[in-house]
Amino acid sequence: MNYVLGIETSCDETGAAIVKEGRKVISNYLSSQVPIHGTFGGVVPEIASRQHLIHITRMVNRVLKEADCEPDAIAVTQGPGLMGSLLVGVNFAKAFAWSKKIPIIPIHHIEGHIFSSMLLEKSPDFPFLSLVVSGGHTMLIECKVPHHYTIIGNTRDDAVGECFDKVARILGLPYPGGPSIQKSADNGNPRYYSFPQGLANSNSLEFSYSGLKTAVLYKVREVPENERSTQWVSDISASFQWSAIDVLVTKTKMAIKKTGMKRLVVAGGVSANALLRKRLTEELDIDVFLPDFKYCLDNGAMIASAGYYRLMNGYSADFTFTANPSISLNE
Ligand code: KG4
Ligand code: ZN
């Protein structure tokens with residue numbers, strides 16, 4: 001079971017990759033829909049699924065040609081995500097597995113993100129704590145053995161990536177919000193304004209991001225649109241980014257203390273954030289695993305890696321599973 005083809009279509013990226021033995025990426029391609037959704041300021045589900053349909057066969061043919069090998073198995077994101085988008089990947093993968101007579105393995109999108117660290121030169125051993133920060137999730141997860149997850153911290157409302165996206169919209173910065181806020185914040189003063197940090201002073205590992213978003217909205221409304229200078233937008237971006245990231249660092253430190261874990265695996269799109277990466281690397285005295293930039297965002301390689309390890313650990317599936325937009329991590 002050497003080569004696994006991974007397919008990811010949960011949101012707005014069509015990803016396909018071939019990964020050898022769960023760790024070595026042989027071929028990896030991504031078709032991003034950012035320019036298409038960008039004009040609407042966010043992902044339009046109907047457009048996303050149509051785009052996946054247009055691109056999936058081409059993406060898979062491309063990775064197969066480049067890898068020049070027959071995959072021994074196929075792994076596909078089952079959920080969570082957008083129903084129409086997930087269905088494209090799942091049905092494509094089923095047809096592929098059936099025609100090639102190879103095993104198919106459904107993968108939870110968050111498990112995929114966690115396994116993006118298995119693609120690092122130095123990958124983590126179990127057990128580890130995982131900080132999952134994406135457009136849909138903000139979680140602290142105890143991973144003691146492969147494929148078993150104990151969620152010890154979750155968001156009560158918005159996810160951190162979602163908050164970046166919404167604040168970018170408020171500030172008139174382009175979609176997706178994370179990278180554009182980071183870019184704007186590079187020239188700003190993080191101490192310009194002190195935004196509230198949801199649940200930062202509580203003893204729990206829960207997160208809350210809706211208050212921070214609303215606080216930015218009220219602050220921005222104080223200044224008429226035509227008086228908002230680029231410097232002012234940068235200062236607000238930097239101050240917001242500081243608050244959004246600081247609470248992640250604080251709660252991660254708390255979780256390390258509570259669990260006694262010696263390794264931290266960071267996963268999901270917000271793991272691309274430079275301030276988060278810097279602070280976790282500099283401030284924690286345990287091993288920190290940050291995915292390569294190209295595997296922070298949604299991609300097929302992380303799905304292939306998770307699929308390989310699931311197969312190796314005795315998991316299998318038949319063709320009765322289907323896309324599940326709200327599947328839980330331990331289902
Ligand atoms: O994991 P991902 O690609 O998709 C989901 O599973 O949701 O994460 C996308 C999220 C978006 O909200 C995007 O704004 C955020 O990751 N993101 C960032 C950065 N790059 C992407 N957030 C903060 N800083 C970044 N550099
Ligand atoms: Zn994702």
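These questions and answers walk through a predicted model, from its metal site to its backbone. Residues are numbered from 1 along each chain as its sequence is written, and chains are lettered from A and ligands numbered from 1 in the order in which they are written. In this predicted model local features need pLDDT of at least 70, side-chain atom pairs count only at pLDDT 80 or more, totals for chains, interfaces and linings use all residues, and side-chain values use heavy atoms, with hydrogens and water left out.

Q: Which residues coordinate the zinc ion (ligand 2)?
A: Donors are N, O and S atoms within 2.8 Å of the metal (3.2 Å for Na, K and Ca); water is not among the atoms, so sites may look incomplete. In sequence the donor residues follow the spacing H-x3-H-x184-D. At 2.0 to 2.1 Å, the zinc ion is coordinated by His109 (NE2), His113 (NE2) and Asp298 (OD).

Q: How many residues apart in sequence are the parts tied together by histidine 109 and aspartate 298?
A: Helices (H or I, at least four residues) and strands (E, at least two) are DSSP runs, numbered from the N terminus. Histidine 109 lies in helix H4 (residues 109-115), while aspartate 298 is in the loop between strand S10 (287-289) and helix H10 (300-312). The pair therefore ties together parts whose separation in sequence is 189 residues.

Q: Is aspartate 298 buried or exposed?
A: Buried means under 20% relative accessible area, exposed over 50%, partly exposed in between (1.4 Å probe, protein chains only). Histidine 109 is buried at 7%. Aspartate 298 has 14% relative accessibility, so it counts as buried.

Q: Which side chain has an N or O atom 2.9 Å from a nitrogen atom of ligand 1?
A: A residue is near a molecule or strand if one of its heavy atoms lies within 4 Å of it. Of the 19 residues around ligand 1, those that come nearest are His113, Gly135, Asp165, Gly178 and Gln182. An oxygen atom of ligand 1 lies 2.9 Å from a polar side-chain atom of histidine 113. For the nitrogen atom, the side chain is that of glutamine 182.

Q: Why does the pair of phenylalanine 164 and phenylalanine 240 tie together parts apart in sequence?
A: At 2% relative accessibility, phenylalanine 164 is buried. Phenylalanine 240 is buried too, at 0%. The pair ties together parts 76 residues apart because phenylalanine 164 lies in helix H5 (residues 160-171) and phenylalanine 240 in helix H8 (residues 230-259).

Q: Which ring lies under the charged end of lysine 101?
A: A charge sits over a ring if NZ of Lys or CZ of Arg is within 6 Å of the ring centre and within 35 degrees of the ring normal. Lysine 101 is in the loop between helix H3 (83-100) and strand S5 (104-108). Its relative accessible area is 67%, so lysine 101 is exposed. Its charged end sits 4.8 Å from the centre of the ring of tryptophan 98.

Q: How many disulfides does the structure hold?
A: A disulfide is a pair of cysteine sulfur atoms within 2.5 Å. For cysteine 11, the nearest cysteine sulfur is that of cysteine 296, 16 Å away. The sulfur of cysteine 143 is 17 Å from its closest cysteine sulfur, in cysteine 296, too far for a bond. The number of disulfides is 0.

Q: Which backbone nitrogen does the side chain of asparagine 299 reach?
A: Asparagine 299 lies in the loop between S10 and H10. At 0% relative accessibility, asparagine 299 is buried. Its side chain reaches the backbone oxygen of tyrosine 295 at 3.3 Å. At 2.8 Å it reaches the backbone nitrogen of methionine 302.

Q: What is the omega of the peptide bond from tyrosine 175 to proline 176?
A: Proline 176 is in the loop between H5 and helix H6 (177-185). The peptide bond is cis, with omega near -5 degrees.

Technical notes. A polar contact is a pair of N or O atoms within 3.5 Å; within protein, one must be able to donate a hydrogen and the other to accept it, and residues adjacent in sequence count only if both atoms are side-chain atoms.
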